[in-house]
Amino acid sequence: MLPRNLLPAVALAAAASLPAAGAASPEKEYQVQAIFEQMEADVLAFRDEMERVYAARCDTATLTECARGNYNDCSSTYPNQMCMEADEMVLSTCGDGVDCNGLWDKTQTAVSIPETLAQSGNPSDPDVIESVCFGRLAEPYMISNYQAKSNPSYFGSATGAFRIVPARHSQVCGTYDPRRRPWYVAASSGPKDVVLVIDVSGSMDEYRRIDLAKEAASTIVSTLTVADRVAIVTFSDKASLIGGQTSLIRATSDNKELLIDAINGIEPGGPTNFYDAFDKTFNALDATIRNEATTGCNIAVLFLTDGQITAGPNEEDVINLVNDRTTQLATDFGRDTTVFTFSLGFQADHEVTKRIACDTRGIWTKVEDYSGDLVSAMASYYVLYALGLGEGGNDDFVSWVEPYEFFFAQKMGTTVSVPVYDKSVDPPLFLGVAGVDVHLDEIEEILGEDASSSSMLNRFVLLSTARCPKIELSDLELNALRFLGGGDEATCEATNATDATAGFAGIVPEQCPFQSDLPRNLWANTEMEGKAYVDRACCETGGAVPSDSCPAHVEAESRGEEGGSDSSTGVIIGVVVGVVAVVAILALVFVMKKRQSSKSGTGDEEGRPSNAFGQQTSIDHSVTIAPPPPVAVATAVPPNNPAFSGSSAPPSFANL
């Protein structure tokens with residue numbers, strides 16, 4: 001295996017040999033290589049700091065100072081907030097950056113927690129509280145590095161808590177979950193071939209479980225990156241691949257958007273044939289590998305159903321098929337395959353799907369109707385690969401995501417991220433993912449290429465697929481993973497919670513011994529609680545507090561209101577605005593009823609463009625790291641983070 005510091009060189013050398021990237025000279029390629037290596041060194045150092053502070057998570061001082069020591073992205077006022085300069089970032093919701101802009105605090109970090117984990121403002125789960133508190137210990141490091149290099153950095157915990165510098169208010173509260181983002185999944189799982197197998201038989205229409213399947217499938221697709229390959233198989237009495245494909249396709253932002261559109265168009269009907277579903281799945285995998293269109297890494301088959309077999313061969317034949325085909329992939333191609341089965345909804349049949357998983361060294365999970373936290377419900381899928389990356393052969397694994405447009409800065413950038421572990425236990429316990437953002441201006445200038453070009457994409461594909469993680473789990477570790485995803489009910493051997501917690505070190509987290517010491521209130525203040533985004537975040541340029549005039553000014557300009565507009569114009573505007581409002585309300589009701597997930601490549605869970613902060617960045621070796629401020633208090637800001645902007649690609653799958 002190549003040393004980590006040689007991988008960017010190998011990737012860039014390969015990129016230089018591609019026809020699309022051949023215009024850049026070797027000298028320019030090495031300049032870009034130096035930037036990539038610096039970014040990887042920065043994120044690995046950040047990882048080391050997160051792993052260091054984790055050791056002190058249960059200290060009395062850590063927990064005491066954590067109480068009222070953090071700032072919430074939606075309810076807190078930041079102590080050193082200021083109005084952004086237009087050359088730093090422009091929040092169009094607040095203004096054009098000249099007169100009005102948004103507030104942020106470059107001397108603080110910010111914390112975000114999904115509302116499903118903190119329904120009363122503060123989390124009750126001890127693991128979530130611990131992750132916020134030990135993350136706070138890394139705040140001085142994060143702040144000093146941001147002040148030196150202007151690269152936003154953040155840590156997404158395996159529990160769902162998120163911390164970022166600089167601190168800024170989120171436009172939509174309680175919805176951001178880092179575990180759903182491509183930068184997180186890329187770093188925690190590595191390159192992989194993923195096949196989603198969705199039951200679309202008639203029984204899936206009961207309790208609208210088809211909606212739960214759509215949401216789960218869309219969530220998984222949206223988290224994939226250009227390092228992954230993906231296919232979706234739907235089945236009732238017969239199975240077929242969505243999009244008319246015969247093999248897996250690269251998970252580019254355009255392909256993911258098309259797949260999610262196809263998922264949302266699924267309608268249930270017919271009997272249930274498990275055998276044909278798995279047969280089509282393994283045929284697609286076989287074709288992908290033989291055509292050398294694969295990642296060459298681990299294979300995940302995610303099987304989502306609610307019912308029993310009502311058509312085709314019986315469960316014994318299905319189990320034999322799965323075992324035979326996974327053995328074939330291992331023997332012929334050296335590929336490891338894990339089958340994840342999910343029973344969807346109340347009164348779903350569990351027996352067959354669990355047996356398929358247990359008899360094939362797979363993992364079964366029960367997913368409740370209208371699960372509010374699908375990421376946790378499907379934790380086994382995410383954690384399995386993170387466990388593999390924690391093994392010694394994957395030291396210093398680093399991932400890159402496809403270049404995307406930073407929404408606020410309206411410039412192209414990317415994210416480099418790395419998994420974080422507690423390495424004091426065996427196997428290492430996955431803690432979360434550390435990420436650093438960077439603009440691509442400097443690279444575009446050096447290479448003379450656009451960040452959205454195919455040649456630039458090829459570079460990141462090669463960087464992202466430079467190493468395949470090896471997953472080697474013992475039977476005990478595999479059963480621990482089942483326990484983590486679904487408790488004792490999900491295990492394939494008899495166990496109990498006490499034995500599991502004691503014997504599953506590295507998989508089931510060990511909580512701090514004195515739970516009563518955990519803080520009950522994490523937030524320094526809640527002065528902004530319940531206020532609209534414009535009332536929390538919009539400011540007049542040069543100011544440091546929210547301004548009521550800025551949103552009104554923006555709204556007036558958006559309506560074309562300038563001094564002296566006549567009354568007839570006002571009437572026309574009023575009518576138009578009223579019609580638009582009615583249409584918007586009807587559209588909202590329709591969307592809520594359909595419960596469609598947001599599209600990959602266009603934003604976060606609410607459909608808003610999702611990105612990290614858009615500061616100008618470059619590698620400057622002459623800069624000395626500034627010391628952290630005397631009082632560095634953790635803040636709460638789960639702003640928009642890396643997703644990908646849509647493009648004008650034609651409506652067909654780009655199988656790069």
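Me: Why is Tyr207 called partly exposed?

Reply: Its relative accessibility is 44%. Buried means under 20% relative accessible area, exposed means over 50%, and partly exposed is what lies in between (1.4 Å probe, protein chains only). So at 44%, Tyr207 lands in the middle class. Before we go on: this is a predicted model, where local features need pLDDT of at least 70 and side-chain atom pairs count only at pLDDT 80 or more, while totals for chains, interfaces and linings use all residues. Residues are numbered from 1 along each chain as its sequence is written, and side-chain values use heavy atoms, with hydrogens and water left out.

Me: What makes the backbone at Tyr207 worth a look?

Reply: Tyr207 has a positive phi of about 55 degrees, and it isn't a glycine. Most residues other than glycine have a negative phi, and most peptide bonds are trans. Tyr207 belongs to the loop between β7 (192-199) and α7 (209-223); helices (H or I, at least four residues) and strands (E, at least two) are DSSP runs, numbered from the N terminus. Asp396 also has a positive phi, about 60 degrees, and it sits in the loop between α13 (379-389) and β14 (399-400). With a relative accessible area of 29%, Asp396 is partly exposed.

Me: And how do you know whether the peptide bond from Val165 to Pro166 is cis or trans?

Reply: Look at omega: it is near 0 degrees, and the bond is cis. Pro166 is in the loop between β5 (162-165) and β6 (167-168).

Me: How many aromatic pairs are there, and by what rule?

Reply: Rings of Phe, Tyr and Trp (its six-membered ring) pair if their centres lie within 6.5 Å; planes under 30 degrees apart count as stacked, over 60 as edge-to-face and the rest as tilted. The count comes to 17 aromatic pairs. Take Tyr54 and Phe134: 5.0 Å centre to centre with 85 degrees between the planes, which is edge-to-face. Tyr54 is in helix α2 (residues 26-54) and Phe134 in helix α4 (residues 126-136), so this pair ties together parts that are 80 residues apart in sequence. Tyr54 is buried at 7% relative accessibility, and Phe134 is buried at 3%.

Me: Why is the pair of Phe274 and Phe303 called what it is?

Reply: The ring centres are 4.9 Å apart and the planes stand at 75 degrees, so it's edge-to-face. Phe274 belongs to helix α9 (residues 274-290) and Phe303 to strand β11 (residues 298-305), so the pair links parts 29 residues apart in sequence. Phe274 is buried at 0%, and Phe303 is buried at 0% too.

Me: Last one: how do you know where the buried residues of helix α11 sit around the axis?

Reply: The buried residues of α11 (residues 351-358) are Val352, Thr353, Ile356 and Ala357. They cover an arc of only 135 degrees around the axis, so they are on the same side of α11; the arc is that of the directions from the helix axis to the C-beta atoms.
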